[in-house]
Amino acid sequence: MANSITTFSLDNHKNNNTIPNIVLFIHNEDTFYPLLHTHDFYELIFIEDGECGHFANNKNYSLCKYDACILHPNIMHRHYLTNDKNICLYSFGISKDCLNSILENVNLTIDEVLKNPITNFSLTQSEVNNLTSSLYSIKTDSLDSDNYYTSPLFSSTLKIIISEIIFKIFRQERLQKTNTHNVYVNKILKELSNVNNFKLSIEEICEKFSFSHGYITHLFKKANLQAPNKIFLQNKLSHASMLLQNSNIKIWDIMETCGIFSSSYFNKVFKKEFGITPSEFRKNSAIYKQSKNVYIEN
């Protein structure tokens, strides 16, 4: 039986002799791989539409629209159709080095965030819409076209998506385990992700709750979260990346929308987060190249 189980590797997806750190597969009802298999990378799966069964670690799971899961390497599993309706399943293959690099930026480890071999969770409709919009904006004619896996824009975009999902899992787990103070933490997290607050300072947001910045930082630390100013900056940069991909708003105006007023600082923190500068990010965006008439209101 063991000899019949296929093991997939990122080595199988070399492009110009380069092994990608992240790959993406989009499956429908005609392209499911129904046989038991394993892989030497982490796999993030989510269902954009439809439903299917998932057999993993000798257990059966039901995955419906917006359901998701993350598998550790070497987990024997397979997907199978449960009805004759259409399905769209996204599968991200992520190398251990890539996942470590995402988490090291915020002083976390894989063991802290993904404690179990299989982590099941759900995405909101808004999260799925943002995710698929980001992917479609860089989608080329073919998943196997030259430089698709290795292009800076593709890798950076997938890294953004995976980072946001990983941090969502981590925050949810921590918030569930902490005390009633995290009622405030949860509310503050929502304020930090509200684009209408991006021009405010951290201190001004803290004042909404009659707390000092220091006390809010203490609550976040107690909840094993990043410092609020770091989370605030990450939310700003994530919003900026979305506007760079999906609009022709000037970069300076995007900066101002995100409450950043120094171009040198914006370039520095954006490149640190995503690996390329904002102008490079936009230049490589397919939607920006092909539809310069698109405009998103602030």
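This is a predicted model: local features need pLDDT of at least 70, side-chain atom pairs count only at pLDDT 80 or more; totals for chains, interfaces and linings use all residues.
Asp49 counts as partly exposed, at 38% relative accessibility (partly exposed lies between buried, under 20% relative accessible area, and exposed, over 50%, with a 1.4 Å probe and protein chains only).

Residues are numbered from 1 along each chain as its sequence is written, and side-chain values use heavy atoms, leaving out hydrogens and water.

**Salt bridges**

Searching the whole structure turns up 2 salt bridges (a side-chain nitrogen of Lys or Arg within 4 Å of a carboxyl oxygen of Asp or Glu). Here they are:

| Pair | Closest N to O | Separation in the chain |
|---|---|---|
| Asp49 and Lys65 | 4.0 Å | 16 residues |

Asp49 sits in strand β4 (residues 42-49), and Lys65 in the loop between β6 (59-63) and β7 (67-71). Lys208 is partly exposed, at 45% relative accessibility. Helices (H or I, at least four residues) and strands (E, at least two) are DSSP runs, numbered from the N terminus.

**Helix α3**

Helix α3 (residues 125-136) has 12 residues and spans 16 Å from its first C-alpha to its last, close to the 16 Å expected at 1.5 Å a residue (1.5 Å times one less than the number of residues). Its buried residues are Val128, Leu131, Thr132, Ser134 and Leu135. Seen down the axis of α3, these buried residues fall within an arc of 155°, so they line one face of the helix; the arc is that of the directions from the helix axis to the C-beta atoms.
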